[in-house]
Structures are given as structure tokens and as C-alpha cells.
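Biologist: Please take a close look at one part of this model, the packing inside it, and take it step by step. What is packed against what?

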Amino acid sequence: MYSNPTALLSGDHSILTQYALSTILMLGLLFLIVDRILGIKRSDAEPHFLPSGVPYIGHVIGIIRRGVDYYDEMTAKHGKLIYSLAMPGGRLYVVNSSEHMKSIEKAYREISFWFIEASFSKRLSGISNASDRVLKANAEGVKGEASLVVDGMKATHAAMGGQDLHDMVERGLQRAARILEELESDADSASGPASHCLWSWTQHVFSLATSSAVYGPGNPYEDLAVEQGLYQFEDSTMLFLSGLPHQMFNRKGFAARETIVRAFTRFFADKSDEQASQLVKNRAEVLRRYGIPENDVARFETVNGFGILLNLLPTAYWTIWHIFSDCTLLDTVREEAQAALGADASLKDKRCVDAAQQLPLLNSVMHEVLRYNTTGAAVRRVMKDHVLSGQFLLKKDSYCLVPNKGIHFNTDQWGVNARSFQPDRFLKGKTNRESFRGFGGGVNACPGKAFAARLILTIVAALVLRFDIEPCTESGMLDHPGHDESSMAIVVARPARKYRVKFVRRARREE
Ligand code: HEM
């Protein structure tokens, strides 16, 4: 427009003013458009909004770069137990206090986890649009209205106690017993024990024990491709949720998920569910009652693998690792287990399960594992405007995030040693369990916690009594493998570094 720049420099003020004015107007207009698209209307009643280096997108960049640790860093920097992060077009409320978490738990319909579970299901499982509509209808569970999510949860809880729980645990331990027997004969062989990757071995043993317990004789996870498919599926969670085309961005994840879907389609077609646990029967019954077709029943069961297995496996791993990497702790746990179960604890002996649940130190270790190795966050959707704890306005359609580390590493709750592993922390009377989020809490508390604890405690007790672990590492020690916190699907970190170990029979070693 102004082809002669000297006109601007030569003191032609009217042109200069016009130019400056139009630039300011253009910038102002641009700002309004950007603010309209990315900005949000804040209220003083909301939790304090934290500033960000880059306007509008600074927090998004932080979260992409740092993951859940970003919230940890923001909390440490600003010292707030609850705060808001402005995001393009919305806000995220971050909660780091068990008090406010309790308020969230009480308002479970207004601040909903079930809505989140329902919203993520289609992209993750690949169910049809019709099934997705049924799933999303009243997902937050407005009282008196039909809700597949709520009825599914009720059916789940109903199957996870009493005789049903007992039957499941027994079946799982029978499967684990076979694996430990194989491990013993391998250790006794002339060539000596073979080496195993500790993480893969733990995944395999606990995955087979848990899935046999749940799915019975037709267990699809007996097929290694299905077991490993679940791990690939887990690693691809974000790609599924992003909605990017599978063919271009998520070929491996998609192939893995479809392998599991095919296995579960066969499982239901063969009527293997009739011999499975009450959990599988109850959940399939609710889905069918709501008119979900059989191919989508298989897809729902595929995603259930996340809940049933993915947190349990790292919990088992760290319980084994923390005990076997600390000689003093190993000796004490052994003494405790031997006194209650006898030196030759057999997983086939039904009394073993009850005895293992009564071992105070082993129990404490498993809870400390869940506290100390925690990762991830509880996520909730605000369904309508809500005043949390009578203090903070949370706006409809926003998300609430409760990072587990924020609560598990809070020194006011856990003391100055909050960031270190204390095996005896959960011994009776030694700690306040109020802030323990390992299995969640309130109406959304984990229905699988008793089942998971029984399997882990009993199998680890048998392992401790019957084996020593010899590390095949350069240091000759069970080095700390570090935390892999990349999975979005779990609340317990996976080990970052994998290494091999040998399981040596205790009796043989002492000869
Ligand atoms: C050590 C193993 C496990 C850990 C650490 C664990 C952890 C958790 C946590 C922290 C929550 C709450 C999530 C939240 O509030 O945002 C939860 C919920 C849930 N867990 Fe587990 N879990 C384990 C095993 C299991 C098993 C074996 C099952 C199988 C039945 C299971 C099924 C579920 C379900 C269905 C929910 C959702 C409950 C609801 O929305 O009302 N979990 N789990």
C-alpha cells in the first residue's frame, strides 16, 4: 500500500499516523479473534489461574513436554493445593489435596468419572455408533434414569466379593502354581536355572494368573499374541484417543487391538463366558440387556483388559523388586511368611490365601508400592457448575485432574519422608491412610482391589519362601530400574530399564 518507504521516514506524520492506527486496529482485531477462539471468561470464584510464559498455549506446551510432572512442578512453584490452568477454549482444574478430593468423590454425579469412561470408550474399543450412543446415555448416572455405565459398575462390584471372589482367586492361584512348579523344575535342571527378564516374567505370570481367574478355561490371554497385544494396545492409548487415522498413525496399535477383539469374539461365540467368572457373566448380561450386539460385547471385554491387568502387573513387579532388592526386608518378610504359611507354601493349599492376607509387613509393602510408585492422575468431567468444598466454583464442561503424586508425596500428610520408600509405613497405627489413592476412593473406588491384593500377596509370599533371585546385571545387584511413566492408562509406573535374573531354589542354594 505504501510503496515509498521514505514517505514514512521523511516526517510525513499523517501517513505515519494512518499506518500506526491501521496496524493497531489490525492487531486489536487479531487479538479479539484469537481471544474469542482461545480465551476464556474467568471468574474470581474459580480456583486461582496460574500464569503461563506463552499466552493461551503455555500450559498445553508444558503438559505435552512434561506430562503429569508438569502439575507437580506447578504445584511446587506456586504452592497451591487447587488451581486453574487456562487452556485454548477451556480450563483445567488441578487438585492436590485429599480434602478437596473427598469433596469431588461426594459430588460424583456433578464431577463425573463415569462420563469420562463412557466418552473414551468408542475411540479406544472401536464399538459402533449405536453402542456408543447407548453407553453415553446418562453416563454420569442421573438418579432414576437407565444407565449402562452405572448398571455395568453395579454388576462389576456384585461379582467381586464373597464366593465369586473366592472362586476367582482360587482359579488364578492354580494357574500360578503351575508356573511356579515349572520354575522349580527349571531351577533343578542339570543346566541350572535359565535367566528371565524380570519385568516380562512378572507380566507373564500375573497376566496368566489374573486372566485365568477372570476368563476360566477358555481364557484368551493364554495366547501370547493376545497377552502381548494388550501391552502394545496400552502403548497406543494416546493414538487411539487422538482419533488420528489408524492406517497412517497407529498401525501397530490397531493390529494389536484387533487381535484381542478377534480372540474375544471367538470366546463369546464358543460360549466360553458360561464357564468364566461371575464378573464376565455379569458384565455381558448387562451389555446384552441394553441391546449391545455380540461383536461389541467382545470389544467392551477387550478394553476391560486395561482395568483387570494393566495396574496389577506393575504393582506385582514393584512388590517383588522392593522385597528382593533389600536383604533385611527380604529376611523379615520371609520370617513373617514362614511363620504363617510354613516353609513349603503351596498355592494349591487354600489356607495359603487367607494366611497371606494376614501378613502385616507384606501388606504394608504392597500398599507402599502403590503409594511410592504412583503415576498418572484421576480425571473428572464437571457436568454442571459446582462449588467445590463450599469454596471454589468449577465451571460446567471443564475437566478436573487429581495427580496422584501431588497427594501421595504431600509431606503434611505423609511426613518428611514422603518421597522415600518406607516398607513399614502402612503397618497398623503408623500412618493415616486417608490420603492413600492407590485404589481410588468413594463411589469410583476400584472394585478389583481385594482380588488384586489376594493374588499379589499370595503369589509373592510363595515366591519369597521358595526362591532367591540372582540378578544378571553388571553390578550384580537388583538395580533400581527407574520409572517409565509414559503409559496414560495406569496409575502405577512401569520399570524403565529391563534386566534379566535367575530364580534359584532356596533349599538347593542352602545345600
Ligand atoms: C493392583 C491393581 C489395581 C490398581 C492399582 C487399581 C487402581 C484403580 C484406581 C486408582 C481406580 C480409581 C480411578 C479413579 O478414581 O480415577 C480404579 C478403578 C477401577 N478399577 Fe482398578 N485397580 C487395580 C485392579 C483392578 C482389577 C483387577 C479390576 C477388575 C475388576 C479393576 C477394575 C476397576 C474398575 C472397573 C474401576 C472403575 C470404577 C468406577 O468407575 O466406578 N481394577 N482402579
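**A look at the packing**

Modeller: Leaving aside neighbours within four places in sequence, Ala 209 is in contact with Gly 172, Leu 173, Arg 175, Ala 176, Leu 455 and Ile 459 (C-beta atoms, placed from the backbone, within 7 Å). The model is predicted: local features need pLDDT of at least 70, side-chain atom pairs count only at pLDDT 80 or more, and totals for chains, interfaces and linings use all residues. Residues are numbered from 1 along each chain as its sequence is written.

Ala 209 and Ile 459 are among the residues that touch the most other members of the largest nonpolar core, which has 97 residues. Such a core is a set of buried Ala, Val, Leu, Ile, Met, Phe, Trp, Tyr and Cys residues joined through C-beta atoms within 7 Å. A residue is buried if 20 or more other C-beta atoms, placed from the backbone, lie within 10 Å of its own, exposed if 12 or fewer, and partly exposed in between. Helix 23 gives this core its largest share, twelve residues (helices are DSSP runs of H or I, at least four residues, numbered from the N terminus). A second, separate core has 20 residues, including Met 101 and Val 382.

Helix 23 is also among the elements covering the buried residues of helix 18, along with helix 17, helix 19 and helix 20. In helix 18, Val 333, Ala 337 and Leu 341 are buried. Down the axis of helix 18, its buried residues fall within an arc of 45°, so they line one face; the arc is that of the directions from the helix axis to the C-beta atoms. The face turned away from that buried side carries exposed residues, including Asp 331 and Glu 335.

Conventions: Helices (H or I, at least four residues) and strands (E, at least two) are DSSP runs, numbered from the N terminus. Two residues are in contact if their C-beta atoms, placed from the backbone, lie within 7 Å.
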